Amino acid sequence: MRTTYSFRKPDNLFVATNLDPQFPRGEKLWPGGGSMVAALRHSTEREPLVAGKPSPLLFELISDQVGTVDRSRAIIFGDRLTTDILFGVDSGIRSCMVLSGVETRDTLAASTLPAPTFLVDSIGTFESNY
C-alpha cells in the first residue's frame, strides 16, 4: 500500500526494467516483472518509464557507455518477441530468436510482430547456421 501511495505522486519516478508477463523456469512459466508493473500501473494510474527491453532508451544507454555502436554489426539474441526482438527492431539492429525459452515456432508464426532476422533452436547453433 505504501508503494502504491509513493508511486501515485507525480514527482516520484516510476521506472520498470521490463514488462515481461512471465519468465521460464525449467519447464514452467512464472509471473514476470511485468505482472508487478501491471498491478502498479492499474493502482497508480501512471505509466512507467521502461528502461529495459524493448525500449530504445536501453540502446542509447549502452551506446553512451561503450561509444558509438555500428548498428549494422550489432545483433541481439533473445527468446521473447515482445522484448528482445522488438528491442532489435526499435533500435535498428538485427535480432536472433532463440527457441530455448518462451517462444516457439507456433507462437512466432501466429504473431503479428516483426519477425527476427535469424531463428535458431539454441544459441550454440547460431554460428553453424549463419
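Strand 5 and strand 6 (residues 94–98) run parallel and are joined by 4 bridges; two strands count as paired if DSSP finds at least two bridges between them. Within this pairing, Ile-75 stands opposite Arg-94 of strand 6. The model is predicted: local features need pLDDT of at least 70, side-chain atom pairs count only at pLDDT 80 or more, and totals for chains, interfaces and linings use all residues. Residues are numbered from 1 along each chain as its sequence is written, and side-chain values use heavy atoms, with hydrogens and water left out.

- The open sheet holds 3 strands in the order 5-6-7, with parallel pairing.
- Strand 5 (75–78) and strand 7 (118–120) are the edge strands; each has a single partner strand, so one side of each lacks a neighbour in the sheet.
- Neighbouring strands of this sheet are turned by 20° against each other on average, direction ignored.
- Strands (E, at least two residues) and helices (H or I, at least four) are DSSP runs, numbered from the N terminus.

**Helix 4**

- Helix 4 is mostly covered, with 8 of its 11 residues buried; buried means under 20% relative accessible area, exposed over 50%, and partly exposed in between (1.4 Å probe, protein chains only).
- Among the buried residues of helix 4 are Leu-81, Ile-85, Leu-86 and Phe-87.
- The buried residues of helix 4 pack against helix 3, strand 5, strand 6 and helix 5 (105–110).
- Gly-92 follows helix 4 and has a positive phi, near 75°.

**Helix 3 against helix 4**

- The axes of helix 3 (residues 56–66) and helix 4 come within 8 Å and cross at roughly 70°; axes are lines fitted to C-alpha atoms, for helices over the stretch in contact, and angles run from 0 to 180 degrees between N-to-C directions.
- That angle makes helix 3 roughly perpendicular to helix 4 (65 to 115 degrees; under 35 is roughly parallel, over 145 roughly antiparallel, the rest oblique).
- Pro-56, Leu-58 and Phe-59 of helix 3 meet Phe-87, Asp-90 and Ser-91 of helix 4, a contact being heavy atoms within 4.5 Å.

**Ser-91**

- Ser-91 lies in helix 4 (residues 81–91) and counts as buried because its relative accessibility is 3%.
- The side chain of Ser-91 reaches the backbone oxygen of Phe-87 at 2.9 Å.
- Not counting residues up to four places away in sequence, Ser-91 touches Pro-56, Phe-59 and Arg-71.

Conventions. Polar contact = N/O pair within 3.5 Å; in protein donor to acceptor, adjacent residues only side chain to side chain.
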